[in-house]
Amino acid sequence: MSQVLVNIGNHFDLASSIFVAPRKGIYSFSFHVVKVYNRQTIQVSLMQNGYPVISAFAGDQDVTREAASNGVLLLMEKEDTVHLKLERGNLMGGWKYSTFSGFLVFPL
């Protein structure tokens, strides 16, 4: 089951899994995902306005469970969007064991 632990202002929509920036500023985003099968590679990308910004890979062929993480600071305009996209592979429990966090660092 997906859940949101903190969503002050409700700018993250759980139904679509998209964050919409409430104002222009510098935002911090991070994510952590876990792959489920050996002999596969996963790739997850953080997308800003539909374009990939950063990615994380996990691809050790001899490990059943492996994690991939990444983080970034982004300059965002009001109403810019951010979401995660599974580019390849399968995640353990779908997105159940994965995290995604974001917050405004500095308003502009």
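These legends describe close-up views of a predicted model.

**View 1. The largest nonpolar core.** This core has 20 residues. F29, F31, L46, L74 and M76 have the most contacts inside it. Five strands each supply at least two residues of the core: β3 (25-35), β4, β5, β6 (66-76) and β7 (81-88).

**View 2. The surroundings of F29.** F29 is among the residues with the most contacts inside the largest nonpolar core. Neighbours within four places in sequence are left aside here. Beyond them, F29 is in contact with F19, L46, N70, G71, V72, L74, M76, V82, F100, S101 and G102. Of these partners, L46, L74 and M76 are also named with F29 for the most contacts inside the core.

View 3. L73, L75, F103, V105, F106 and L108 make a nonpolar surface patch of about 630 Å². β6 and β8 (99-107) are the elements that give two or more residues to this patch. The largest share comes from β8, with three residues. L108 is found in the segment after β8.

**View 4. S17 and its positive phi.** Most residues other than glycine have a negative phi. S17 is not a glycine, yet its phi is positive, at about 60°. S17 sits in the loop between β1 (12-13) and β2 (18-20).

**View 5. N49 and its positive phi.** N49, a residue other than glycine, has a positive phi near 55°. Where is N49 found? The residue is in the loop between β4 (42-48) and β5 (51-58). N49 has a relative accessible area of 36%, so it is partly exposed.

View 6. R65 lies in the loop between β5 and β6. R65 is exposed because its relative accessible area is 52%, and exposed means over 50%. How far apart are R65 and V36 in sequence and in space? The two residues are 29 residues apart in sequence. From C-alpha to C-alpha, R65 and V36 are 5.2 Å apart in space.

Key:
Residues numbered from 1 in each chain as written. Predicted model: local features only at pLDDT ≥ 70, side-chain atom pairs only at ≥ 80, totals over all residues. Heavy atoms only, no water. Helix = DSSP H or I, 4+ residues; strand = E, 2+ residues; numbered from the N terminus. Buried < 20%, exposed > 50% of the residue type's maximum accessible area, 1.4 Å probe, protein only. Core = buried A, V, L, I, M, F, W, Y, C linked by side-chain atoms within 4.5 Å. Contact = heavy atoms within 4.5 Å. Patch = residues over 30% accessible without salt bridge, like charges linked within 9 Å, V, L, I, M, F, W, Y side chains within 5 Å. Areas by Shrake-Rupley, 256 points an atom, 1.4 Å probe, with all protein chains shown as cover. Salt bridge = Lys/Arg side-chain N within 4 Å of Asp/Glu carboxyl O.
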